[in-house]
Amino acid sequence: MIVYTSTDIQWRRGALRSKGSSLTVQTPVILSTDPPGLAEIVRIARHRAPVKIAGDLTVLLEKSRAVIERQLGENAPVYGLTTGLGAGVDTRLEPSDIAAFQQRVPEARAVGVGAGLSSEVVRAVMAARLAGFASGGAGVSPGVVASLAAALNAGFHPVIHALGSIGAADLAPLSDMARGLLGHGEVEFGGEIMDAGKALEKAGLPPLTLGPRDGHALVVGNSLSIGQACLAIDDLIRTLDWSFAAVALSFEAFRANVTVIDPRALSRRPAFGQEIAGKRLADMLSGSGLFEPDAARRLQDPVSYRCAPQIWGALIHALEEATVATEIEIAGAGDNPVVLVEENALIHNGNFDTTAFALSFERLGLAIAQCASATAHRTMKIMSPGISELPRFLTPRGASRTGFATVQKTVSALEAEIRHLANPVAFSPIPVADGIEDHASMAPSVMAKTVAIIERFRWLVAIELIATGQAVDLRGVESLGAGASAAYHKVRSVVEPLDEDRAQAPDFSRMSDFIRVNGLMHEVQ
């Protein structure tokens with residue numbers, strides 16, 4: 001069993017945030033035999049950090065490639081090298097066809113459909129595949145690795161279609177990527193979509209040349225799922241940060257009973273993450289008037305307040321599990337067959353399967369849904385005079401004004417969509433490849449819905465922050481806790497109090513955008 005402490009959480013948060021923020025955009029990510037982490041993938045994808053290949057990695061790639069060359073020289077039966085792929089594993093390739101076969105691999109698997117992914121996600125896909133090559137398990141030509149890094153540095157982004165992978169290697173998306181490097185298909189370059197050949201010419205990049213194994217190595221990773229996971233975790237860390245602020249502000253506005261964050265009670269049944277969550281809330285409320293005798297309005301508050309440490313603790317634990325699962329995928333060799341450099345050998349295997357990874361994100365989605373539900377309930381209750389003892393719908397002008405009334409519909413819609421998206425999708429799809437490939441994790445679909453869940457949760461957090469800020473003003477709370485006070489002033493720097501009725505959609509957009517790019521904990525610390 002993995003046990004996470006508050007130190008682990010702080011270290012991971014610090015690692016994920018500081019590597020992306022304290023380093024300048026120009027500071028390169030060095031790819032070496034020490035595998036990159038989640039933060040490095042985010043820096044390449046989101047902050048466009050340049051990529052450099054270290055000398056020790058070049059040596060490893062050359063040794064790995066030598067294993068492939070030896071197997072090829074012996075005409076050994078090697079999947080995807082001297083045989084076909086999928087159901088074609090029983091077909092031996094003619095020696096004269098081996099190089100041409102690798103050119104056909106990405107062409108035949110470019111079957112993706114739907115909208116093109118954003119350049120940020122495409123960069124995450126490319127960076128994740130580079131990370132996979134850095135393990136030395138692919139046996140890919142060193143020139144392929146150099147070409148992929150050069151494309152990233154040039155801002156050369158093949159158009160990758162969003163749909164078409166079942167999570168047993170992201171074949172279709174990575175085929176789109178490979179075709180772009182070959183000069184086929186379409187590419188985003190300089191903010192324009194253009195022919196890949198033209199984009200290569202503008203970028204000053206030569207078309208990629210594939211040798212034996214190279215086409216297969218390019219398309220066989222789970223890089224779409226891994227790249228999206230890195231970006232999703234980076235987004236969720238900031239949203240989680242602000243969701244704790246929203247809980248703390250809700251406590252202040254509701255005048256909730258803080259005995260529920262007493263570490264003596266939480267330690268008596270230390271469920272996953274709840275002590276960490278309780279400490280986070282205690283830190284946010286440090287110095288609050290809620291700790292004064294008789295400050296709480298009720299002996300016991302509604303469960304969405306009373307059980308916040310337990311609910312948010314479950315999300316912390318799920319986020320940690322998903323982070324570990326992602327780091328394993330980034331650093332691991334998911335290639336089949338995998339090259340064992342030190343043993344000068346190849347092993348056929350099933351490391352491309354991402355069942356554990358996909359299930360960790362299914363758990364994460366369910367954990368977010370729990371927090372989203374509690375967030376929605378608190379937001380509704382703070383608007384109800386019968387429960388909060390504040391003006392109905394938080395308007396200072398009385399019943400002739402709407403205030404936050406219609407906002408409840410938005411809250412209800414967002415929470416319902418999150419609950420729907422949290423339903424599991426990681427069940428094995430219809431068997432493919434003539435029944436040979438009869439299991440797959442559906443990891444890309446899991447990641448797509450996880451991204452959608454996080455986006456909607458961020459909107460809910462933004463709305464709760466604005467609503468509870470309004471409630472704090474109406475109640476006239478002066479003795480806010482340190483973290484709650486910092487959050488309140490940040491909210492007020494983005495959104496003014498609601499006096500006369502106005503369109504609030506722009507307020508919510510500004511707050512959500514602010515959360516998306518800013519953290520809060522460093523302000524509190």
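Visitor: At what distance from the ring centre does Arg297 lie over the face of Phe254?
Guide: This is a predicted model, and the distances in it are computed from the predicted atoms. The ring concerned belongs to Phe254, a residue in helix H10 (residues 223-254), and Arg297 is placed over the face of that ring. The separation from Arg297 to the ring centre is 4.6 Å.

Visitor: Which ring does the charged end of Arg280 sit over?
Guide: Another arginine is placed over an aromatic ring, and here the charged end of Arg280 is the part concerned. The distance from that charged end to the centre of the ring is 4.3 Å, and the ring is that of Phe244.

Visitor: What kind of aromatic pair do Phe254 and Tyr305 form?
Guide: The structure holds four aromatic pairs, and one of them joins Phe254 and Tyr305, with 4.2 Å from centre to centre. The angle between the two planes is 25°, and because planes under 30 degrees apart count in this class, the pair is stacked.

Visitor: How many residues apart in sequence are the parts that the pair of Phe254 and Tyr305 ties together?
Guide: Phe254 belongs to helix H10 (residues 223-254), whereas Tyr305 belongs to helix H13 (residues 303-306). The pair therefore ties together parts whose separation in sequence is 51 residues.

Visitor: Which elements give two or more residues to the lining of the largest pocket?
Guide: The largest pocket holds about 660 Å³ of space, and of the 26 residues that line it, the closest to its centre are Tyr79, Gly86, Ala168, Leu171 and Glu437. Two or more lining residues come from each of these elements: helix H7 (171-182) and helix H9 (214-219).

Visitor: How many charged residues are in the lining of the largest pocket?
Guide: Divided by class, this lining has 16 nonpolar residues and seven polar ones. The charged residues in the lining number three.

Visitor: How many charged residues are in the lining of the second largest cavity?
Guide: A search of the whole structure finds two cavities of 30 Å³ or more, and the second largest cavity holds about 40 Å³ of space. Its lining includes Phe404, Ile466, Arg492, Glu496, Arg502 and Asp507. By class, the lining has five nonpolar residues and two polar ones, while the charged residues number four.

Visitor: Is Asp176 buried or exposed?
Guide: Asp176 is found in helix H7, and, leaving aside neighbours within four places in sequence, Asp176 is in contact with Ala110, Pro158, Val159, Ile160 and His161. The relative accessibility of Asp176 is 8%, so this residue counts as buried.

Visitor: Which residues is Gln228 in contact with, leaving aside its neighbours within four places in sequence?
Guide: Gln228 is found in helix H10 and is buried, with a relative accessible area of 13%. With neighbours within four places in sequence set aside, the contacts of Gln228 are Val121, Pro444, Met447 and Ala448.

Visitor: What is the phi of Ala169 near?
Guide: Ala169 has its place in the loop between strand S5 (161-163) and H7, and Ala169 is buried, at a relative accessible area of 5%. Its phi is a positive value in a residue other than glycine, near 75°.

Visitor: Is Arg48 buried, exposed or partly exposed?
Guide: Arg48 is found in the loop between helix H2 (38-46) and strand S2 (51-53), and its phi, near 55°, is a positive value in a residue other than glycine. With a relative accessible area of 44%, Arg48 is partly exposed.

Visitor: What is the omega of the cis peptide bond that joins Asn336 and Pro337?
Guide: Pro337 has its place in the loop between helix H14 (308-331) and strand S8 (338-340). The bond that joins Asn336 to Pro337 is a cis peptide bond, with an omega of about -5°.

Notes
Residues numbered from 1 in each chain as written. Predicted model: local features only at pLDDT ≥ 70, side-chain atom pairs only at ≥ 80, totals over all residues. Heavy atoms only, no water. Phe/Tyr/Trp six-rings, centres within 6.5 Å; stacked < 30°, edge-to-face > 60°. Helix = DSSP H or I, 4+ residues; strand = E, 2+ residues; numbered from the N terminus. Lys NZ or Arg CZ within 6 Å of the ring centre and 35° of its normal. 1 Å grid on protein atoms, 1.4 Å probe; cavity = no way out; pocket = protein on both sides within 12 Å on 5 of 7 lines; lining within 4 Å. Points joined across faces, edges and corners; volume = space filled by probe spheres on them. Nonpolar A, V, L, I, M, F, W, Y, C, P; charged D, E, K, R; others polar. Buried < 20%, exposed > 50% of the residue type's maximum accessible area, 1.4 Å probe, protein only. Contact = heavy atoms within 4.5 Å.
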